Amino acid sequence: MEAKITNRKKGPALISPFTLVLFLTLMCLIFSTWIQSENEESYGQVFFKSLVFWQEGFFGLLDFTLQMMMILVFGYALAIYKPIHSFLRKLSFLPKTHLQALFLCALITIFAGLINWGFGLVIGALLARFVFLAMKEKGIESDPVLLASAGYLGMAVWHGGLSGSAPLKVAEEGHFLQNKIGIIPVSETIFASFNMGVTGGLITVFFLSLWVLSCRKNTSEPPVYSQPLRPVNPSRKNFLGLFLGGLMIVLVIGKIAFQAEFDLGFLNLNMVNFLLFGACLMAYRGLPQFTEAIIEGLKSSADIFIQFPFYAGILGLVTQSGLLELTVGYFLENSDSNTFPLVALFSSALINLLVPSGGGQWAVQGPLLMEISQSLGLSAARMIMVFSYGDQISNLLQPFWALPLLSITGVKAKALLKTGFWLFLAGFTYLAGILYVSF
């Protein structure tokens, strides 16, 4: 049985992901005004011009916004699918020790996160909750915070997986950097031996870190669940969704089969979402059940809907004001082809704390990284993955995406981030070392 569900009173959050993006927007406006103030125009005129740049870019990433929302919504919908929900409950009784429980949560979460970050996020949270309750029922002591941290590791590897927004975006026809770097297929990013090696090593580091952390004394408070879990059953009578989803999947298979030669270039954000759309329809079988699951998932995507236009505004501001060009010049003067990958890793990890979205961050930081990489003669494909590693690793310090996990597992954000810091430190140290050797 699950622990008693209690209601928590939440005070107003002065620092939230939305206030952070507003702060970042304000800082860019100030820097933009300062850069352009060398002209003869007054500060008021220059500030107004900067506001116009921001406004003109505000809706410049509408297609990207919808793509990011869909990839989270479909992943969430699959995670609350009743058969998957029931399978996780059965799986939670397999571990016989706390370390086995941690490894099980980490393994399933990482695997799911590499498939789809939204799917991995919710799967990891559900499994961490179920495993803790199963261990409690069997009379085995376990650490709910460490289990929740293991269930969050999908967000620390996702950008090197099948739903990585930056590598999938640059594989898409007409992406916003195509005139700069062209189209880069996923065979050179996600499925490159470089990425597979780095990601495999990172996963190994996380398992070793969990083993070390499991040796410490458990001082965690018991979780407090604020809401019951409500899985959605597939339809037993209506099979229209099954037919429609199956048609979508068959269409993709046919498209692959009729290629002149096998090429992974077809895999981009639109294709991933198309496959997820079809998979969700097939899973729920009935359209009413599918719609119910999608509505649940849409609740988790509200922050993307609200904040992505601000990221687009920042992109318009920094590109049109000259701020991007100035920043590029600074890095070109203070780094070389050996040190810039480490600078890119650190900056991506740092900016992710202010822009808690891989897609939104790529929109802002991508043009800068690609400009410098080309000037230094570095591989655009590899640098895209360097950006991805920096973005994903600092999710362990970023509470934005952990909100669904905190709600499901019942642990406190402060406790999760405290454990996440050690996992971040181990992962970041490994990434810095491997990138230093690789470039």
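**View 1. Helix 2 and its buried side.** Four residues of helix 2 are buried: V46, S50, F53 and G57. Buried means under 20% relative accessible area and exposed over 50%, with partly exposed in between (1.4 Å probe, protein chains only). Seen down the axis of helix 2, these buried residues fall within an arc of 55°, so they line one face of the helix. The arc is that of the directions from the helix axis to the C-beta atoms. An α-helix has 3.6 residues a turn, so residues three or four places apart point the same way. The face turned away from the buried side of helix 2 carries the exposed residues G44, F48 and Q55. Helix 2 covers residues 43-57, and its 15 residues should span 21 Å at 1.5 Å a residue; the end C-alpha atoms are 21 Å apart, which agrees. The expected span is 1.5 Å times one less than the number of residues in the helix.

This is a predicted model: local features need pLDDT of at least 70, side-chain atom pairs count only at pLDDT 80 or more, and totals for chains, interfaces and linings use all residues. Residues are numbered from 1 along each chain as its sequence is written, and side-chain values use heavy atoms, with hydrogens and water left out.

**View 2. The whole protein.** The protein has 20 helices and zero strands. Helices (H or I, at least four residues) and strands (E, at least two) are DSSP runs, numbered from the N terminus. Of its 439 residues, 53% count as buried. Among contacts with a separation of 6 or more, 83% join residues 24 or more positions apart. Contact means heavy atoms within 4.5 Å.

**View 3. Helix 5 and what covers it.** Helix 5 (residues 98-115) has 18 residues. From first C-alpha to last, helix 5 reaches 26 Å, close to the 26 Å expected at 1.5 Å a residue. Its buried residues include H98, L102, C105, T109 and G113. Helix 4 (82-91), helix 6, helix 7 and helix 10 (193-214) are among the elements covering the buried residues of helix 5.

**View 4. H159 in its loop.** H159 sits in the loop between helix 7 (144-150) and helix 8 (165-169). At 0% relative accessibility, H159 counts as buried. Its side chain makes a polar contact with the side chain of S165 (3.4 Å). The side chain of H159 also reaches the backbone nitrogen of A166 at 3.1 Å. A polar contact is a pair of N or O atoms within 3.5 Å; within protein, one must be able to donate a hydrogen and the other to accept it, and residues adjacent in sequence count only if both atoms are side-chain atoms. Leaving aside neighbours within four places in sequence, the contacts of H159 include G358, M385, F387, D391 and Q392.

**View 5. The largest nonpolar core.** This core has 130 residues; L153, F206, Y284, M370, I393 and L396 touch the most other members. Helix 6 (residues 117-137) gives the largest share, 14 residues. A nonpolar core is a set of buried Ala, Val, Leu, Ile, Met, Phe, Trp, Tyr and Cys residues joined through side-chain atoms within 4.5 Å. Not counting residues up to four places away in sequence, F206 touches L153, A156, V157, I393, L396, L423 and G427.

**View 6. Cysteines.** C215 counts as exposed, at 59% relative accessibility. C280 counts as buried, at 0%. A search of the whole structure finds zero disulfides, a disulfide being a pair of cysteine sulfur atoms within 2.5 Å.
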